Amino acid sequence: MSDCLFCNIIAGKIPSKKVYEDDQVYVFEDIKPAAPTHVLIIPKKHIVDLKHAKPEDAAIIGYCQLVAAKLGRERGIENGYRTVYNVGPGAGQSVFHLHLHLLGGRDLKWPPG
């Protein structure tokens with residue numbers, strides 16, 4: 001989508017600090033990190049959010065979690081990290097392209113928010 005911020009980042013039209021990329025996802029550093037590790041894992045397929053995902057999107061949603069686990073190992077944060085999909089403005093979603101937050105590198109309290 002031409003007006004989607006994340007689609008434009010994936011296309012290289014907007015700069016980002018890329019962490020990882022393959023044929024299914026693009027990963028970059030969050031511009032307002034909430035932890036020492038705070039990256040966004042974005043499917044290259046435009047999906048608005050989790051509530052708009054379809055059964056055929058299940059594989060990419062799961063794959064995002066596997067990429068998060070891979071990055072957690074690489075960054076040495078396996079002792080504790082969090083993955084989060086924010087869904088809708090009430091949950092803090094401000095870019096309406098599905099993205100998984102990977103946060104770690106510090107103690108994460110519960111409940112979040």
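## A strand covered on both faces

In this predicted model, strand 3 is covered on both of its faces, since Thr37, Val39, Ile41 and Pro43 on one side are all buried, as are His38, Leu40 and Ile42 on the other. In a regular strand the side chains alternate between the two faces of the sheet. Seven of the seven residues of strand 3 are buried, so this strand is largely enclosed by the rest of the structure.

## Its partner strands

Strand 3 runs antiparallel to strand 2, and five bridges join the two; here phenylalanine 28 stands opposite leucine 40 of strand 3. Strand 3 also pairs with strand 5 in the antiparallel sense, over five bridges, and histidine 38 has leucine 103 in strand 5 as its bridge partner.

## The nonpolar cores

The largest nonpolar core has 16 residues, of which Val25, Val27, Ile41, Leu71 and Leu102 touch the most other members. At least two residues of this core come from each of strand 2 (25–29), strand 3 (37–43), helix 2 (58–74) and strand 5 (100–104), and helix 2 gives the most, with six residues. Apart from this core lies another, of 10 residues, among them Cys4, Cys7, Ile9 and Phe28.

## A buried arginine

Arginine 82, which lies in strand 4 (residues 81–84), is buried yet has no salt bridge, and the nearest side chain of opposite charge, that of aspartate 107, is 9.8 Å away. A polar atom of the side chain of arginine 82 does, however, lie 3.1 Å from the backbone oxygen of lysine 109. Leaving aside neighbours within four places in sequence, the contacts of arginine 82 include His101, Leu102, Leu103 and Trp110.

Note on methods: Residues are numbered from 1 along each chain as its sequence is written. This is a predicted model: local features need pLDDT of at least 70, side-chain atom pairs count only at pLDDT 80 or more; totals for chains, interfaces and linings use all residues. Side-chain values use heavy atoms; hydrogens and water are left out. Helices (H or I, at least four residues) and strands (E, at least two) are DSSP runs, numbered from the N terminus. Buried means under 20% relative accessible area, exposed over 50%, partly exposed in between (1.4 Å probe, protein chains only). Lys and Arg count as positive and Asp and Glu as negative; His and the chain ends are not counted. A salt bridge is a side-chain nitrogen of Lys or Arg within 4 Å of a carboxyl oxygen of Asp or Glu. A polar contact is a pair of N or O atoms within 3.5 Å; within protein, one must be able to donate a hydrogen and the other to accept it, and residues adjacent in sequence count only if both atoms are side-chain atoms. Contact means heavy atoms within 4.5 Å. A nonpolar core is a set of buried Ala, Val, Leu, Ile, Met, Phe, Trp, Tyr and Cys residues joined through side-chain atoms within 4.5 Å. Two strands pair if DSSP finds at least two bridges between them.
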